[in-house]
Amino acid sequence: MAPKDGTPSGGGSDSRFFNTNKKGEMHELRMELHSTDRNIKVDAVKKVIASMTVGKDVSMLFTDVLNCAQTANIELKKLVYLYLINYAKSQPELTLLAVNTFVKDASDPNPLIRALAVRTMGCIRVDRITEYLCEPLGRALRDEDPYVRKTAAVCVAKLYDIAPELVRERGFIETLHDLISDSNPSVVANGVAALSEISETSGRDVMKISASVLQKLLAALNECTEWGQVFILDSLAKYTPADAREAEGIIERVTPRLQHANSAVVMSAVKVILSYMDVMGGGAHADSIRALTRKLAPPLVTLLNSEPEIQYVALRNINLIVQKRPNILENEIKVFFCKYNDPIYVKMEKLEIIIKLVSEKNIDQVLLELKEYATEVDVDFVRKSVSAIGRCAVKLDRAAERCIGVLLELIQTKVNYVVQESVIVIKDIFRRYPNRYESIIATLCDNLDTLDEPQAKAAMIWIIGEYAERIDNADELLDAFLETFEEEDPAVQLQLLTATVKCFLKNPEETQDMVQRVLDLATEESDNPDLRDRGFIYWRLLSTDPEAAKLVVLGDKPVIEDDTFRLEPNLLNVLVGQIATLSSIYHKPPEAFVVRAKRGPTGSDGMGVGDVGDDIEEGDEEEYEDDNDVNRAGGGDDLLDIGGLSMNDNATSSNYGSLGLEPDMFGAPTPSKIEPEARMSKVCAPEKSGGIELWAGFRQVKGAVKLELDVRNISSTVPVSTLAIQLNKNSFGLSPAAQQIMCNPPIAVGGSGRHSVELVVNPAMLVQAPAGQPASPQIQVAIKNMTTGLVFYFAVNFAFEVLFSPDGALERATFIESWKSIDDKKELYGTVSDLPPASTDIDQVAAKFKAHHIFLIARRPVPNAEGQEVAYFSMRTTTGMVFMAELTFKKGVNAAKVCLKTEQIAYGVQAKIALETLLRS
């Protein structure tokens with residue numbers, strides 16, 4: 001017979017705690033939590049945990065659950081502590097009531113309860129709890145039971161994340177060093193893990209492995225758990241041996257880990273050995289390195305017999321290893337041949353490694369294998385396989401002819417995507433080996449009708465243009481493509497333009513009409529600035545100096561290089577040092593995808609800075625800035641050849657200079673009467689501009705937008721007297737009012753001068769942001785030194801607040817109506833942290849903003865949130881765009897939340913960045 005609801009059962013699944021249809025559930029739970037029957041009380045806490053797990057708010061039972069902690073039952077105590085960890089963030093004041101229980105449990109005779117108390121206190125991220133944690137933690141670190149000591153070691157790392165100064169003051173880091181000498185290997189491993197975590201968090205090496213510590217780590221390596229071994233091995237990988245002899249000795253102790261059943265231990269051991277092999281070098285230790293090379297291959301091969309997910313991780317790591325030391329797996333290429341049931345992501349990675357391991361000894365069997373893959377049903381895999389054949393040809397000179405033979409066989413299959421991929425890779429083979437395999441062009445031309453993808457068309461058009469003199473009907477083939485010129489992809493259009501000009505230069509009599517037609521289409525009918533600019537360049541070259549055009553268009557091109565081992569040596573060394581981490585999977589250094597935020601304790605003093613939603617906003621902004629580099633902004637290269645420049649990384653940094661605020665007699669900032677200064681950043685180094693260094697920034701002076709230029713003559717023997725300036729098309733439509741910059745007096749070596757260039761809005765210079773994308777902040781500039789004739793280029797991020805006009809203050813009623821009328825999808829959010837004190841006071845922020853024509857509309861306290869206040873601002877650009885912002889501040893917190901609304905969402909990111917920049921300044 002089933003037990004009645006609310007009474008404990010002797011067995012069965014805990015799923016029953018998730019099911020209830022009772023009315024007044026919280027009241028009944030409270031009654032059960034106060035029951036004298038231990039079983040009823042345990043079941044009640046389980047029901048509370050179940051409700052909490054599915055998202056129900058059971059925080060109103062906090063004190064009732066807390067009372068249940070006064071028990072000797074370890075199961076009940078674990079459940080209560082689990083509840084406390086979850087709700088400590090939302091009930092920090094009530095959590096303090098549990099302190100006595102924690103302190104008492106930390107002295108309990110049962111080591112499990114002592115460890116549980118210390119662990120729980122470390123997991124509760126409330127700053128006031130840390131005051132009470134130190135004493136129990138200090139005792140736990142010296143506890144007689146190893147389980148308590150190893151738990152306390154991990155707790156030190158958690159405490160360091162909350163209160164690093166406290167950890168240093170209490171000497172806990174020194175105590176962790178003592179734990180490395182502990183007799184229990186698990187304690188040693190946890191001590192190492194804690195020190196490693198603290199090193200990562202602080203950016204300082206607190207591990208400090210000495211000769212004695214090294215021996216203790218190696219001794220513990222054989223006895224601790226597999227994850228303990230991983231921590232110890234990762235620490236050893238960061239240690240630099242004193243000499244080759246010490247490195248060889250450590251490797252001997254680590255080598256047995258290569259036979260471990262856990263793949264993480266194996267990969268960590270491989271990392272240590274690879275790192276130390278560099279220390280051993282060659283010469284006298286060449287035999288040892290060859291022996292190690294033979295030992296490393298079997299464990300790596302064994303990893304490929306694991307589950308697909310582990311295989312993929314292993315393959316990504318092996319990809320790095322074969323770039324570092326190809327000879328480790330040079331005889332194991334068959335292991336990487338794809339199986340029919342391998343997932344596609346495993347197959348793709350195996351192909352990459354096959355290409356890296358292919359050599360003249362094994363090329364024949366590799367080609368047979370790749371040819372077989374090209375008949376598979378998975379289109380992406382087939383394409384990758386065909387591409388791999390081409391890459392083998394580029395890599396191996398002597399095998400190139402055999403590779404081309406296989407590609408021709410594949411072209412004869414007439415399978416659309418196989419033919420197209422073959423054409424693409426054959427183009428690369430032609431570029432690698434000019435004037436060697438052009439006899440196959442006729443076969444390629446026979447398959448023109450099958451080409452329908454832009455990349456394949458572009459490759460074929462390049463071949464026709466490059467070898468027009470060897471193709472009898474080259475003009476007719478190109479003319480067939482020209483019929484659909486306007487519908488083609490930009491890459492195809494660019495190749496068609498270049499190929500037609502090449503054809504004209506080689507055979508001007510028969511192709512004059514065709515080249516004129518193409519130039520007309522490119523310069524008059526096209527909206528693509530890349531195509532238009534290239535068309536104008538060719539037109540002017542052909543009309544002014546045909547011989548120069550031949551030198552430019554038909555000049556010898558550099559032979560392409562084999563990019564099989566394409567990682568830079570320095571980056572490769574970094575990634576090999578990160579084997580068995582995410583870096584080795586992404587093939588990026590940790591700083592490229594991990595941002596360690598400065599996190600304060602979450603509790604009564606915090607305002608939730610850096611929560612998930614805000615992190616997403618900030619991440620989007622970073623991605624936007626990365627994606628809009630010089631090569632993409634404004635549509636690419638123009639007549640000035642401005643593209644291809646590196647952006648100035650400091651253009652949006654915190655080095656912003658003065659805002660024109662001066663302290664009054666009472667110490668409060670008041671707006672200065674002078675205009676806000678430009679935030680200057682270095683945009684051009686002297687080695688790129690004939691000895692002249694340029695700094696640039698933007699400001700508004702009496703309603704006019706100014707580009708401020710600091711011209712510094714570093715090493716130019718010719719004084720700088722006159723410069724000419726031109727801007728590329730940009731998202732703001734800005735262009736210089738006058739193109740000449742007069743330096744009076746001329747700037748001699750060692751001298752400098754500040755010059756202002758007035759910018760005006762010109763609709764013809766405006767580049768519309770792509771649909772759904774934010775406007776690019778970049779302004780691309782070309783400067784010509786009129787004395788020397790040298791032209792140099794730079795890109796600088798525009799300070800959007802410079803566009804704000806003095807008439808940007810909205811009436812309160814208008815503001816409210818506009819705010820409500822804008823769709824929520826046109827909102828942008830963000831959190832600005834680490835603000836200076838002046839930027840957390842609304843009065844001072846309003847004064848600072850007003851100097852930049854950002855006007856305070858209203859302010860109000862946040863209901864039911866003590867110390868929080870909201871301020872509303874409006875701003876209008878000189879071009880009529882309106883932006884409204886809501887800023888939330890909390891007393892005692894050096895951060896602010898920003899919410900921005902606008903109908904011009906493409907420029908919303910720029911307005912938000914402007915606000916955040918001013919707040920941080």
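## A sheet that includes β12

In what order do the strands of the open sheet that contains β12 stand, and is their pairing parallel or antiparallel? In this predicted model, the order is β12-β16-β15-β14-β13, which makes an open sheet of five strands, and the pairing is antiparallel. The edges are taken by β12 (827-832) and β13 (855-861), and each of these has a single partner strand, so one side of each is left without a neighbour in the sheet. On average, neighbouring strands of this sheet are turned by 20° against each other, if direction is ignored.

Strand β15 (residues 882-890) pairs with strand β16 (residues 896-901) in the antiparallel sense, over six bridges, and M884 has K901 in β16 as its bridge partner. As background, the strands of a sheet pair through backbone hydrogen bonds, and they can do this in a parallel or an antiparallel way.

## A sheet that includes β7

Another open sheet is formed by five strands in the order β3-β4-β5-β9-β7, and its pairing is antiparallel. Its edge strands are β3 (681-684) and β7 (734-736), each of which pairs on one side only. From one strand to the next, the twist averages 40°.

## Two helices packed together

Helix α13 (residues 211-221) packs with helix α15 (residues 244-254) at an angle of about 20°, and their axes are 10 Å apart. Angles under 35 degrees count as roughly parallel, and α13 and α15 are therefore roughly parallel to each other. The crossing of α13 and α15 is left-handed.

## The second largest pocket

The second largest pocket holds about 1,200 Å³ of space. It is lined by 36 residues, and the closest of them to the centre of the pocket are E200, D234, K238, Q578 and T581.

Which helix gives the largest share of the lining of the second largest pocket? That helix is α14, which contributes seven residues, while α12 (185-202), α14 (226-238), α16 (263-280) and α32 (582-586) each supply at least two residues of the lining. Sorted by class, the lining of this pocket has 17 nonpolar, nine polar and ten charged residues.

Notes. Residues numbered from 1 in each chain as written. Predicted model: local features only at pLDDT ≥ 70, side-chain atom pairs only at ≥ 80, totals over all residues. Heavy atoms only, no water. Pairing = 2+ DSSP bridges. Helix = DSSP H or I, 4+ residues; strand = E, 2+ residues; numbered from the N terminus. Axes fitted to C-alpha atoms, helices over the stretch in contact; angles between N-to-C directions. 1 Å grid on protein atoms, 1.4 Å probe; cavity = no way out; pocket = protein on both sides within 12 Å on 5 of 7 lines; lining within 4 Å. Points joined across faces, edges and corners; volume = space filled by probe spheres on them. Nonpolar A, V, L, I, M, F, W, Y, C, P; charged D, E, K, R; others polar. Parallel < 35°, antiparallel > 145°, perpendicular 65-115°, else oblique. Left-handed = near helix turned anticlockwise from the far one by under 90°.
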